[in-house]
Amino acid sequence: MANSLEINRKTASSHGIDDGQAQRFKRLAWPHLDSLLRTAKYLTRHQQEAEDVVQEAMLKAMKAIDSFEDGTNAKAWLMTILRRTYIDRLRASRSRVHEVRLDACDPVESGSETATPGELDDRWENPQKMLDQFENRDMIEALTTLPDDICWTLLLVDVEQLDYAGAAKVLDVPVGTVKSRAHRGRGMLRDRLFTTAQQRGWVEEAKA
Amino acid sequence: MRTNHSDDKLEQAIRARLARLATAPVDTARLECQLEEAMTKIRSAPVARLVNWWIPIAAAVAAIVVISATVNVRLLEPDQVPIAATPSLIAGLHHEVITGGPFTIPVANIEQATQAIAVRWSDAPALPMPADCEVMSCCIHHVEGRKVACMLLRLRGKLITMVVAHTKDLTRDDSVKATQDNQRYAVYTKGNLNMVCMQHNGISVWLVGEFPHKELAQLLPKKWMTS
């Protein structure tokens with residue numbers, strides 16, 4: 001992706017930035033700080049680690065500020081850098097638990113993890129009621145057990161409300177792939193939540 | 001048997017539940033402090049290297065740049081088109097001002113703010129005095145190379161940013177305009193922020209905060225609303 005190459009090139013340079021660039025960066029990036037930190041926190045599930053990832057990503061972004069074109073999607077641009085930073089850190093720390101998730105993430109499109117139509121969902125007669133029973137941490141737990149690409153897709157599209165084109169830029173895949181991943185991901189999430197609901201004895205409750 | 005309708009309903013419910021994760025509060029305070037510190041270091045580091053190596057060359061280049069810039073500015077000035085300040089831009093400035101930063105100057109009143117701004121910007125526009133507000137700090141920001149003065153105010157415990165610029169540099173976005181009580185000012189909303197813009201004698205002023213538009217507008221003297 002041209003944008004990503006540009007980012008890497010700029011980041012690799014040791015040049016400092018002037019006050020004007022710093023101000024421009026703050027104006028672009030600060031409004032998205034909460035989204036970036038939230039995303040990192042959901043992925044790492046650790047406040048300090050999330051802050052470290054976001055800080056590293058933000059400093060890369062600041063050094064690459066000249067590669068950002070005004071009028072384009074700043075949030076998507078920052079998320080792209082965050083994702084790359086997150087993956088780099090993940091790869092660098094081989095002993096982490098998350099390493100397993102990277103290995104398990106391919107191939108997304110060929111997976112058949114979702115339930116057969118009719119197999120589960122007639123039990124979800126009131127999906128809203130069922131989903132309301134899950135706390136945020138349950139949702140995050142289920143989300144982060146999904147393959148990385150699926151997890152990122154749902155975080156970008158459904159949680160952070162990026163449009164498909166923006167998410168496609170971040171993930172460096174075609175828009176159609178984002179749509180199919182999002183659809184598949186929701187199905188996988190539904191399956192995981194259903195299992196949790198079964199374990200907690202909620203399924204019969206929801207049926208009633 | 002499941003139907004397409006129930007599929008959609010379930011998928012929509014999952015989407016809605018995921019969207020609610022974005023409403024969970026996130027504390028960015030510590031991160032912001034860390035970033036400010038790191039940004040300051042990055043900005044000062046290259047200067048230190050230059051001092052060791054390149055004083056004569058840097059001085060010569062700086063002189064050339066200053067002369068060129070001055071000539072360019074004078075040549076370009078008559079054709080300079082003002083930037084239309086979008087609500088996002090102004091909201092971004094507000095966010096930046098309330099976040100603070102290394103260039104923020106604490107001040108107690110409008111006179112101190114005027115002095116502090118004038119030291120750094122000889123051609124700065126006159127700062128109006130908003131009624132009933134406590135003045136907290138001021139700073140100068142750059143919007144696409146144009147200077148704007150920003151003041152952080154407090155009214156009944158809530159923060160308001162006042163952005164002041166020469167209209168030839170920064171002007172209001174006329175896509176949204178409101179007329180109320182024969183007082184003309186542009187109004188905008190971005191998220192939970194309301195903002196009003198008034199222009200008078202070649203100066204544009206924006207007030208941004210979590211107050212109704214009319215209340216923000218009334219903070220400025222009447223003359224600002226009749227232009």
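B:Asp132 sits in the loop between helix H5 (110–120) and strand E3 (134–143) of chain B. Helices (H or I, at least four residues) and strands (E, at least two) are DSSP runs, numbered from the N terminus. B:Asp132 is not a glycine, yet its phi is positive, about 65°. This residue is exposed, with 9 other C-beta atoms within 10 Å. The terms work as follows: 20 or more other C-beta atoms within 10 Å of a residue's own make it buried, 12 or fewer make it exposed, and anything in between makes it partly exposed, with C-beta atoms placed from the backbone.

This is a predicted model, in which local features need pLDDT of at least 70, side-chain atom pairs count only at pLDDT 80 or more, and totals for chains, interfaces and linings use all residues. Residues are numbered from 1 along each chain as its sequence is written, while chains are lettered from A and ligands numbered from 1 in the order in which they are written.

Turn to chain A. A:Arg45 also has a positive phi, about 55°, although it is not a glycine. Its place is the loop between H3 and H4 of chain A. A:Arg45 counts as partly exposed, because it has 15 C-beta neighbours inside 10 Å.

Now look at helix H2 (residues 19–29) of chain A. Eight of its eleven residues are buried, so the helix is largely enclosed by the rest of the structure. Among the buried ones are A:Phe25, A:Leu28 and A:Ala29. The charged names A:Arg24, A:Lys26 and A:Arg27 are buried too.

Next come the two chains together. In chain A, 39 residues are in contact with 35 residues of chain B. Contact means that the C-beta atoms of two residues, placed from the backbone, lie within 7 Å. Elements giving two or more residues to chain A's side include H2, helix H3 (33–44) and helix H4 (47–63). H4(A) gives the largest share, six residues. This side of chain A divides into 19 nonpolar, nine polar and eleven charged residues. Here Ala, Val, Leu, Ile, Met, Phe, Trp, Tyr, Cys and Pro are nonpolar, Asp, Glu, Lys and Arg are charged, and the others, Gly among them, are polar.

Last, a helix pair. H9(A) and H11(A) pack at an angle of about 100°, with their axes 9 Å apart. Axes are lines fitted to C-alpha atoms, for helices over the stretch in contact, and angles run from 0 to 180 degrees between N-to-C directions. H9(A) is therefore roughly perpendicular to H11(A), a term for angles of 65 to 115 degrees. Residues making the contact include A:Ile150 and A:Leu154 of H9(A) and A:Met188 and A:Leu189 of H11(A).

Note on methods:
Angles under 35 degrees count as roughly parallel, over 145 as roughly antiparallel, 65 to 115 as roughly perpendicular and the rest as oblique.
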